[in-house]
Amino acid sequence: MCWWMMGLFLATVLYGRYFYSRHVIHRYLEHAMSNEMGDIEGFYMKSPDSCLWVAVLEDKVVGIVAAVVQQKPGGVVELQRMSVGRSWQRRGVGMVLGRKVVEFAVTHRYSSVVLGTTAYKPAAHLLYQRLGFPV
Ligand SMILES: CC(C)(COP(=O)(O)OP(=O)(O)OC[C@H]1O[C@@H](n2cnc3c(N)ncnc32)[C@H](O)[C@@H]1OP(=O)(O)O)[C@@H](O)C(=O)NCCC(=O)NCCS
C-alpha cells in the first residue's frame with residue numbers, strides 16, 4: 001500500500017514537472033514568435049546594429065545566432081539566440097556561429113561582446129569558454 005502511494009506520488013510529481021516545463025517552453029516560444037523571431041528580417045536585418053546568421057549543412061538550417069548592439073557607451077554587442085539543432089551538435093557549428101558574432105564586433109569596432117546564460121546550460125558554458133569568454 002505504502003509503495004503504491006509513493007509510486008503514485010512520484011508519478012504525479014514527474015507529470016507535474018513535465019507539464020510545467022512544457023508550459024514554460026510554449027510561453028517562451030509564443031513570446032519569441034510574436035516578437036523578434038516572428039520578424040527576423042525586420043528585427044535583425046534592417047539595421048547595421050544587428051544581424052542574425054544561420055548555419056546551413058546539407059541544405060538544412062542547423063543553427064542560428066544573432067548579434068544586437070546595446071545602447072550603451074562604447075558599443076557593446078550582445079550575442080543572442082545561440083542554438084544548434086540536437087542532431088547537429090558537437091560538430092563545431094556553435095564555434096563557427098560564436099566566431100561570427102565576434103567577427104561582427106571586431107569589423108564594426110565595438111568594444112566588447114556580452115551574453116547571458118543560465119546555470120543549467122553546461123554545454124553552452126563550455127562553448128563560450130572555448131570561444132574565450134571568461135567564466
Ligand atoms: C550550446 C550549443 C549551441 C553548442 O553547439 P555545438 O554546435 O554543439 O558546439 P560545438 O560543436 O561548436 O562545440 C564547441 C565546444 O563547446 C563544448 N561543448 C559543446 N557542447 C558540449 C557538450 N554537450 N558537452 C560538453 N562540451 C560541449 C566543447 O568544448 C566543444 O568543443 P569539442 O567538441 O572540441 O570538445 C548547443 O549545445 C545548443 O544549441 N544547446 C541548446 C541551446 C543552448 O543552450 N543555447 C545557448 C543559450 S545561452
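In these legends, Ala, Val, Leu, Ile, Met, Phe, Trp, Tyr, Cys and Pro count as nonpolar, Asp, Glu, Lys and Arg as charged, and the others, Gly among them, as polar. The model is predicted: local features need pLDDT of at least 70, side-chain atom pairs count only at pLDDT 80 or more, and totals for chains, interfaces and linings use all residues. Residues are numbered from 1 along each chain as its sequence is written, and side-chain values use heavy atoms, with hydrogens and water left out.

**View 1. The shell around the ligand.** Here 19 residues surround the ligand (a heavy atom within 4 Å), with Met-82, Val-84, Arg-90, Gly-94 and Arg-130 the closest. By class they are nine nonpolar, six polar and four charged. At least two shell residues come from each of β3 (76-84), α3 (93-107) and α4 (122-130), where helices (H or I, at least four residues) and strands (E, at least two) are DSSP runs, numbered from the N terminus. Helix α4 gives the largest share, six residues.

View 2. Look for a side-chain N or O atom of Arg-130 at 2.7 Å from a ligand oxygen. A backbone N or O atom of Arg-91 lies 3.2 Å from a ligand oxygen, and a side-chain N or O atom of Gln-89 is 3.5 Å from one.

**View 3. The lining of the largest pocket.** Its 35 lining residues include Met-82, Ser-83, Val-84, Lys-121 and Ala-124, which lie nearest the pocket centre. A pocket is an open set of points on a 1 Å grid over the protein atoms alone, where a 1.4 Å probe fits, with protein on both sides within 12 Å along at least five of seven lines; lining residues have an atom within 4 Å of a point. The lining divides into 21 nonpolar, eight polar and six charged residues.

Technical notes
Polar contact = N/O pair within 3.5 Å; in protein donor to acceptor, adjacent residues only side chain to side chain.
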